[in-house]
Amino acid sequence: MCKTIVQPREATPEHASDGRCTLFHAVHADVPDDQQNDVLRKVRDLLTGEGLKVTEYRENSADSPSAQPIAAFSARHPSSRYVVDVDSTKGHNRISLAVRTPCLIPPPDSPSPSPTGTP
């Protein structure tokens, strides 16, 4: 079991007595709807250049009537197993970027971290 140090509000953390944990962090960036596909492609290209492998990719044209995100992708680093999710939502002029770690186990002599909640 892992305990979540930073978590979405709706998630319930799991706790482990040996200090192992996963980390999740998300940020939003203001990007006009008509530029989101280009920005997402640039972020995707940057991350694949850093060795991450795209595991999911979808893209709708900016004038699509779909309520789904204009574009979204997930990428995973093959050796560290970090996962990055990038999503945009039509009509909100916003892109979200989230990073999740795999379960991390601290060195045997390190103190256990204290869980913190999302502000």
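Predicted model: local features only at pLDDT ≥ 70, side-chain atom pairs only at ≥ 80, totals over all residues.
Residues are numbered from 1 along each chain as its sequence is written, and side-chain values use heavy atoms, with hydrogens and water left out.

Now the overall plan. What elements are there in the protein? There are one helix and seven strands. Helices (H or I, at least four residues) and strands (E, at least two) are DSSP runs, numbered from the N terminus. If you walk along the sequence, the pattern reads β-β-β-α-β-β-β-β.

Let's look at the helix. α1 covers residues 36-49, which is 14 residues, and spans 20 Å from its first C-alpha to its last, close to the 20 Å expected at 1.5 Å a residue. That expected span is 1.5 Å times one less than the number of residues in the helix.

Which residues of α1 are buried? They are Q36, N37, L40 and L47. These four lie on the same side of α1, because they cover an arc of only 95° around the axis. The arc is taken from the directions that run from the helix axis to the C-beta atoms. When I say buried, I mean under 20% relative accessible area; exposed is over 50%, and partly exposed is in between, with a 1.4 Å probe and protein chains only. Turn to the other side of α1, and you find K42, L46 and G49 exposed.

What do the buried residues of α1 pack against? Their partners are the strands β4 (53-59), β5 (71-76), β6 (83-89) and β7 (94-100).

In soluble globular proteins, nonpolar side chains tend to be buried together. Here, the largest nonpolar core has 10 residues: V31, L40, L47, L52, A71, F73, A75, V84, V86 and I95. Elements that give two or more residues to this core are α1, β5 and β6, and β5 brings the largest share, three residues. By nonpolar core I mean a set of buried Ala, Val, Leu, Ile, Met, Phe, Trp, Tyr and Cys residues joined through side-chain atoms within 4.5 Å.

Pick out V31 from that list. Leaving aside neighbours within four places in sequence, V31 is in contact with Q36, V39, N93, R94 and I95. Contact means heavy atoms within 4.5 Å. Across the protein, of the contacts with a separation of 6 or more, 49% join residues 24 or more positions apart.

Now the loop between β6 and β7. H92 sits there, and it counts as exposed, at 56% relative accessibility. H92 and V31 are 61 residues apart in sequence, but 8.8 Å apart in space, C-alpha to C-alpha. P32, in the loop between β3 (24-30) and α1, is 60 residues from H92 in sequence and 8.1 Å from it in space, C-alpha to C-alpha. P32 is partly exposed, with a relative accessible area of 36%.

The β6-β7 loop also holds N93, which has a positive phi of about 50° although it is not a glycine. N93 is partly exposed, at 37% relative accessibility. R81 also has a positive phi without being a glycine, about 65°; R81 is in the loop between β5 and β6 and is partly exposed at 41%.

C21 is buried, with a relative accessible area of 11%.

Last, some totals. Of the 119 residues in the protein, 27% are buried. The protein exposes about 7,600 Å², and carbon and sulfur atoms supply 54% of it. Accessible areas come from the Shrake-Rupley method with a 1.4 Å probe; for residues, only the protein chains shown count as cover.
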